[in-house]
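Please consult the sequence and the coordinates alongside the text.

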Amino acid sequence: MSDTRQSLADLATLTGQEAPAAPAPVAAATTDAASAADAAPVSNSGPAPAPVPLREQQIDKQGRAYATGRRKDAVARVWIKPGSGKITVNGRDQEVYFARPTLRLVINQPFGVAERDGQYDVIATVSGGGLSGQAGAVKHGIAQALTRYEPVLRAPVKAAGFLTRDSRAVERKKYGKAKARRSFQFSKR
């Protein structure tokens with residue numbers, strides 16, 4: 001079974017209905033067209049079945065979901081599990097590690113979009129880059145781990161753009177230039 005499709009038999013077991021018979025060959029379908037027109041249309045008056053996530057939940061033996069987040073030169077390894085909303089980064093509390101409120105706001109964005117504020121504990125180890133890049137890496141990792149713990153949340157988190165790695169990075173310095181694009185100061189004489 002692929003990631004985007006489910007068979008009719010699987011759909012029937014999930015919704016609790018009987019599996020429909022295999023479709024008839026094309027030749028048989030043309031001969032039965034008249035008898036099919038005589039049959040009354042079948043309407044399903046019951047409520048529509050809830051959408052079934054096509055991805056499976058990925059949890060380790062400790063009941064955590066793991067994901068890797070990246071931003072600029074920073075790489076974050078993130079584990080989430082149900083809890084009180086405590087976020088630990090490199091063994092320190094988020095208020096200590098990310099002192100700027102804007103960085104803490106960036107980290108909590110995936111929980112706000114998924115409406116799961118204060119429901120998961122996060123343990124993250126980050127390396128490389130500066131504080132801004134590390135906060136972005138933790139945000140990316142939290143978003144990925146959330147969708148692995150609760151696959152139903154993939155749609156809102158993806159719509160907010162949190163599952164996509166932000167590919168912007170520092171542009172390299174070019175020879176003959178002071179920086180990537182800045183020229184040296186012009187001197188007429």
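## Packing of helices H5 and H6

In this predicted model, helix H5 (residues 101–114) packs against helix H6 (residues 131–149) at an angle of about 15 degrees, and the two axes lie 8 Å apart. Because angles under 35 degrees count as roughly parallel, H5 is classed as roughly parallel to H6. The crossing of H5 and H6 is right-handed.

On the H5 side, the contact is made by Leu-103, Val-106, Ile-107, Gln-109, Pro-110, Phe-111 and Ala-114. The residues that H6 contributes are Leu-131, Ser-132, Ala-135, Gly-136, Val-138, Lys-139, Ile-142, Ala-143 and Leu-146.

## Aromatic pairs

A pair of aromatic rings is described by the distance of the centres and the angle of the planes. The structure contains 4 aromatic pairs. In one of them, the ring centres of Tyr-66 and Trp-79 are 5.1 Å apart and the ring planes stand at 45 degrees, so this pair is tilted. The pair links distant parts of the chain, with Tyr-66 in strand E1 (residues 65–71) and Trp-79 in strand E2 (residues 74–82), 13 residues apart. The two partners fall into separate accessibility classes: Tyr-66, at 32% relative accessibility, counts as partly exposed, whereas Trp-79, at 18%, counts as buried, since buried means under 20% relative accessible area.

The rings of Tyr-97 and Phe-98 have their centres 4.9 Å apart and their planes at 85 degrees; the pair is therefore edge-to-face. Both Tyr-97 and Phe-98 are buried.

One aromatic cluster is formed by Phe-111, Tyr-120 and Tyr-149. Phe-111 is also among the H5 residues that make the contact with H6.

## Overall architecture

The protein chain comprises 7 helices and 5 strands. Along the sequence, these elements follow the pattern α-α-α-β-β-β-β-α-α-β-α-α.

Among contacts in the protein chain with a separation of 6 or more, 67% involve residues 24 or more positions apart.

The protein chain has 189 residues, of which 26% count as buried. Trp-79, Tyr-97 and Phe-98 are examples of buried residues.

Methods: Residues numbered from 1 in each chain as written. Predicted model: local features only at pLDDT ≥ 70, side-chain atom pairs only at ≥ 80, totals over all residues. Heavy atoms only, no water. Helix = DSSP H or I, 4+ residues; strand = E, 2+ residues; numbered from the N terminus. Buried < 20%, exposed > 50% of the residue type's maximum accessible area, 1.4 Å probe, protein only. Contact = heavy atoms within 4.5 Å. Phe/Tyr/Trp six-rings, centres within 6.5 Å; stacked < 30°, edge-to-face > 60°. Axes fitted to C-alpha atoms, helices over the stretch in contact; angles between N-to-C directions. Parallel < 35°, antiparallel > 145°, perpendicular 65-115°, else oblique. Left-handed = near helix turned anticlockwise from the far one by under 90°.
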